[in-house]
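Subject: Structure handover

Hello,

I am passing this structure on to you. Please open it first, then read my notes below.

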Amino acid sequence: MTSDLANDVASDLASGVVGDERLRRWRLVLGGDGADGTGRALSGRDAAMDGALSSLYGGGGRGEERGQGRSAGLGASAPSVARWLGDIRTYFPSSVVQVIQRDAIDRLGLSALLLEPEMLEAVEADVHLVGTLLSLNQAMPEETKDTARAVVRKVVEDLEKRLATRTRATLTGALDRSARVRRPRHHDIDWNRTIAANLKNYLPEYRTVVPERLVGYGRASRAVKKDVILCVDQSGSMAASVVYASVFGAVLASMRSISTRLVVFDTSVVDLTDQLDDPVEVLFGTQLGGGTDINRALAYCQARVARPADTVVVLISDLYEGGIRNEMLKRVAAMKASGVQFVTLLALSDEGAPAYDHDHAAALAALGAPAFACTPDHFPDVMAAAIERRPLPVPEMSTHR
């Protein structure tokens with residue numbers, strides 16, 4: 001890869017089209033070893049930026065020959081890593097910092113250092129960091145837990161600000177439309193839809209529409225109209241989905257017209273519904289990792305369905321079933337036959353379609369429950385369609401990780 005880039009630089013140099021700024025960028029990309037071909041020296045802020053990148057990405061093949069990846073100088077010291085994290089936050093925007101942090105955790109095995117408060121105070125908090133912290137929850141010393149909770153709470157509050165308003169607005173509209181009645185009282189008439197439904201009865205001589213059929217909304221706006229059960233796989237690969245599901249669960253639970261239940265599972269099943277008023281508590285009640293028993297989780301959810309025609313069950317899982325496959329499919333079929341709206345999400349995250357069990361996804365699609373990945377911004381539209389019993393807006397999944 002580097003040699004290809006170096007060849008591109010050499011070609012540009014030979015053509016004489018490389019300006020000073022472009023040469024500077026090539027030098028930062030290639031890292032400055034003897035084969036980079038730029039001959040460009042860095043100074044000041046550029047040199048400091050290059051040093052921060054080299055600490056993680058430098059070292060060439062020497063580290064790989066030792067079996068240690070491309071490590072180049074961060075070591076395993078929390079103070080030195082904390083200083084480095086401060087440096088990259090100085091030189092790069094937040095979105096880039098988050099990518100570099102994830103690379104550092106993967107390449108240098110820094111997960112254990114996240115158990116130290118000094119490290120947690122230095123990192124740029126995001127959904128992926130929360131997932132890493134949750135996976136370390138059981139090993140976290142008491143002196144670190146308060147700092148970890150503060151980091152998780154910041155991410156959760158930011159997500160709620162981003163997602164809550166649109167979710168409530170979208171689902172409130174869907175609930176109102178699903179509660180539409182044909183014999184409304186005067187104050188409950190939806191005049192726009194009533195006129196549209198009676199345009200064939202327009203009397204031009206009177207310039208009016210005769211409303212043979214009234215369309216309106218139900219009066220019980222504060223009554224529970226829908227039951228929503230979020231059934232979330234907490235295996236290690238689903239970390240981001242667990243974070244988003246917890247936030248959405250808290251948002252749904254805040255709506256009086258929706259009764260929300262949150263169930264997480266691996267090979268066991270945990271009902272976290274009583275903690276939905278605080279999604280941070282929900283997240284620390286999860287235990288990422290372990291196996292997967294979707295059948296057992298669905299059996300638990302199925303037993304909690306009291307009003308099938310008014311219930312939406314959302315299974316969030318990559319469908320790698322460790323339980324009884326045929327029983328799982330029978331439960332989905334039984335719930336759908338009883339009137340339950342069943343939604344299968346392979347992921348609830350910004351990452352796109354994950355690796356998943358294609359056979360199980362195809363079997364669910366054959367039952368009328370297509371499995372697809374969903375971004376947090378798309379989730380309110382999916383839920384609105386399920387509440388209104390419309391076809392789900394299934395996005396195209398062009399990439400699989």
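The lining of the second largest pocket has eight nonpolar, eight polar and three charged residues. Please keep in mind that this is a predicted model.

**The pocket**

The volume of the second largest pocket is about 350 Å³. Its lining counts 19 residues. Nearest the centre lie Gly236, Ser237, Met238, Ala239 and Ala240. Two elements give two or more residues to this lining: helix 8 (127–135) and helix 11 (239–253). Helix 8 gives the most, with five residues.

**Helix 8 against helix 11**

On the helix 8 side, the contact uses Val127, Val130, Gly131 and Leu134. By class, that contact has seven nonpolar residues, one polar and no charged.

**Helix 8 against helix 9**

Helix 8 also meets helix 9 (residues 142–178). Their axes come within 10 Å and cross at roughly 140°. That makes helix 8 oblique to helix 9. The crossing is left-handed. Helix 8 brings Val127, Leu129, Val130 and Leu133 to the contact. Helix 9 brings Ala148, Val151, Val152, Val155 and Leu159. Which classes make up this contact of helix 8 with helix 9? Nine residues are nonpolar, with no polar and no charged ones.

**Helix 9 against helix 16**

Helix 9 has a further partner, helix 16 (residues 379–388). The two pack at an angle of about 15°, with axes 9 Å apart. That makes helix 9 roughly parallel to helix 16. This crossing is right-handed. From helix 9 come Arg166, Thr167, Thr170, Leu171, Ala174, Leu175, Arg177 and Ser178. From helix 16 come Pro380, Asp381, Met383, Ala384, Ile387 and Glu388. The classes here are seven nonpolar, three polar and four charged.

That is what I have for you.

Best wishes

Terms used. Residues numbered from 1 in each chain as written. Predicted model: local features only at pLDDT ≥ 70, side-chain atom pairs only at ≥ 80, totals over all residues. Heavy atoms only, no water. 1 Å grid on protein atoms, 1.4 Å probe; cavity = no way out; pocket = protein on both sides within 12 Å on 5 of 7 lines; lining within 4 Å. Points joined across faces, edges and corners; volume = space filled by probe spheres on them. Helix = DSSP H or I, 4+ residues; strand = E, 2+ residues; numbered from the N terminus. Nonpolar A, V, L, I, M, F, W, Y, C, P; charged D, E, K, R; others polar. Axes fitted to C-alpha atoms, helices over the stretch in contact; angles between N-to-C directions. Parallel < 35°, antiparallel > 145°, perpendicular 65-115°, else oblique. Left-handed = near helix turned anticlockwise from the far one by under 90°. Contact = heavy atoms within 4.5 Å.
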